[in-house]
Amino acid sequence: MMVRAAILGLCACLLLLGPLMLSESYVTVLNYIGLYSIVVIGLVLLTGIGGLISFGQAAFVGIGAYATAYLTTVYGLSPWITLLVGIVLSAIAAWLIGGLTLQLGGHYLPLGTLAWGLSLYFLFGNLNFLGGHSGISALPKLDIFGYQVASLRSFSYVVWTVAIGTLWLAHNLLSSREGRAIRALKGGKLMAAAMGVDIARSKIIIFVIAAVLAAISGWLYAHLQRFVNPTPFGLHYGIEYLFMAVVGGAGYIWGAFLGAGVITVLKELLSDLLPKLLGQNGHFEGIVFGILIIALLQCAPDGAWPFFRRLLPARNVKTPQPRSDRPLPRRQAPAGKALLLDVENATKQFGGLIAVNRVSLKLHAGEILALLGPNGAGKSTMFNLISGALPATSGEVRFLGQRIDRLEPHKIATLGISRTFQHVKLMPELSALENVAIGAHLRGRAGILRSALHLERAEEHQLLAEAARQIERVGLARHMHAPAGSLALGEQRILEIARALASDPSALLLDEPAAGLRHLEKKTLAELLRKLREEGMGILLVEHDMDFVMGLVDRVVVMEFGEKIAEGLPEEIRRNPVVLKAYLGGVE
Ligand code: ADP
Ligand code: MG
């Protein structure tokens, strides 16, 4: 803690004294680093953390800059009003572009942002009322509570206040339920959707946030230069912003400052040094710059920040304890032995392969139903049909009487179905606690704004406390703060159960939860499942270990080649010749 505080203190001193003591040209560089950092924080959120690539951030910077340039010079509006206009315009543009391309997934967003970056650049250059390629000049100075921000030095304080404020907001956002949803966009979409996260919404939100940050930077830039033309908003700069994010360490918001700093300083140095070294003028820096970046990414593929972070001492994290004054909402438990799941003739076809063929099953509250069958029988596909991860080709799935087979997975989660995955889906770098907290997503209400301002402290505390409680319940308390990826595979499966439980489900789908567990761990798991059944939970269980299943479950459904071949009590199934032949290969 001391070292951290000392480093932060040092940075603060530099930022406070730097603008006063450095020469004017250094202050300019400092200002640019601040301006770029604001854009790059957005990109870190979008690309590094959300996994969505945008080449078009410079165009959003342009919206912020041109909105204020035009409205302040032509209509004499106050820069504070034009800041709002810039924010709204960029948000609308991002919402439209995002709405058009994000659903398509894959490379459509990067392509969409390329097109957007290119076309807006030409639009700025060709609209006469925006001054064409010569731009707009004589923007007013910023006026803060009657104080005119006239000098480069004083502007530095404004830029860096905004940059650090942005960092604070981004940091808050990331350590909230919305933040966990955003983190899950990269590599955890299927899992997050099953935990009730509306993936499409999270994508749009993060895209809009990145665009708004870019526009704010553009607004600052315009009033710093007091002149705008299209050049700094072209695709070239869009790519450079992306470089900064990647070089700094795309997954870390602090990396935004590092990336913006490294690249800005490097460019300055190169454009100073190279002509002298080579004895001739020309834009050689571009070439050397490219080579350096490739070299850097070879050495540090995760960017520069993780490298620095290793030098810092680890943080001490405490396990949050639940507070009784603000309990999390709980679902109303279905009555007694209520029929939870009612699957009727569910069918799933993958091209020529019928993975699930007219299978029906029922799951009641307070019951453990085993779904058995050899590999490839269609069990996991059945889970995917129920949880909405895959749409059924035909057939119906009802939950508490309501049709759910056409609902999106996050809607199904809302109704009270939660699941684990045969192939474990955890966010390996996040702690066990944070991973399980994703499961509690639906039990919080705080949105983006409250999270960014950290006004959701009480709720966030309760969500984490609930996650901690579930981790303790499944017996993994000793791994609470360890990265989920560092747990043994069997423990990771159990951690998935804790995550599913954190959503307070009425029905739990467990896909091979005991695989990779040792004998004692299996006994503990069986005890937990019995306890959950007693509490009224309905559990659908896929498992290969017969001893584990037979001593535990109430009923069994057996599948083979996508079809249901038997159903009954465990003892009946044990003796069923069809099952013995198909599943147990005739030996037992
Ligand atoms: P189980 O869980 O019983 O081992 P699965 O449900 O995973 O079986 O698979 C059933 C069949 O469906 C297998 O032949 C598998 O290859 C196929 N299958 C599963 N998912 C897909 C998919 N997304 N695309 C194509 N085929 C799939
Ligand atoms: Mg399977």
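Predicted model: local features only at pLDDT ≥ 70, side-chain atom pairs only at ≥ 80, totals over all residues.
Trainee: What share of the residues is buried?

Mentor: Of the 588 residues in the protein, 54% are buried, where buried means under 20% relative accessible area. As for the surface, the protein exposes about 26,500 Å², with 63% supplied by carbon and sulfur atoms.

Trainee: What do the contacts say about residues separated in sequence?

Mentor: Take the contacts between residues at least 6 apart in sequence: 74% of these join residues at least 24 apart.

Trainee: Now the pockets. How is empty space found?

Mentor: A probe the size of a water molecule is rolled over the atoms, and this shows where empty space is left. In this model, the second largest pocket holds about 630 Å³ of space.

Trainee: Which residues lie nearest the centre of that second largest pocket?

Mentor: Tyr36, His236, Tyr237, Glu240 and Lys267 do, out of 27 lining residues.

Trainee: Which helices supply at least two residues of that lining?

Mentor: They are α2 (24-49), α9 (199-225), α10 (235-249), α11 (253-278) and α12 (285-299).

Trainee: Which helix gives the most to the lining?

Mentor: That is α10, which contributes 7 residues to the second largest pocket.

Conventions
Residues numbered from 1 in each chain as written. Chains lettered and ligands numbered in written order. Heavy atoms only, no water. Buried < 20%, exposed > 50% of the residue type's maximum accessible area, 1.4 Å probe, protein only. Contact = heavy atoms within 4.5 Å. Areas by Shrake-Rupley, 256 points an atom, 1.4 Å probe, with all protein chains shown as cover. 1 Å grid on protein atoms, 1.4 Å probe; cavity = no way out; pocket = protein on both sides within 12 Å on 5 of 7 lines; lining within 4 Å. Points joined across faces, edges and corners; volume = space filled by probe spheres on them. Helix = DSSP H or I, 4+ residues; strand = E, 2+ residues; numbered from the N terminus.
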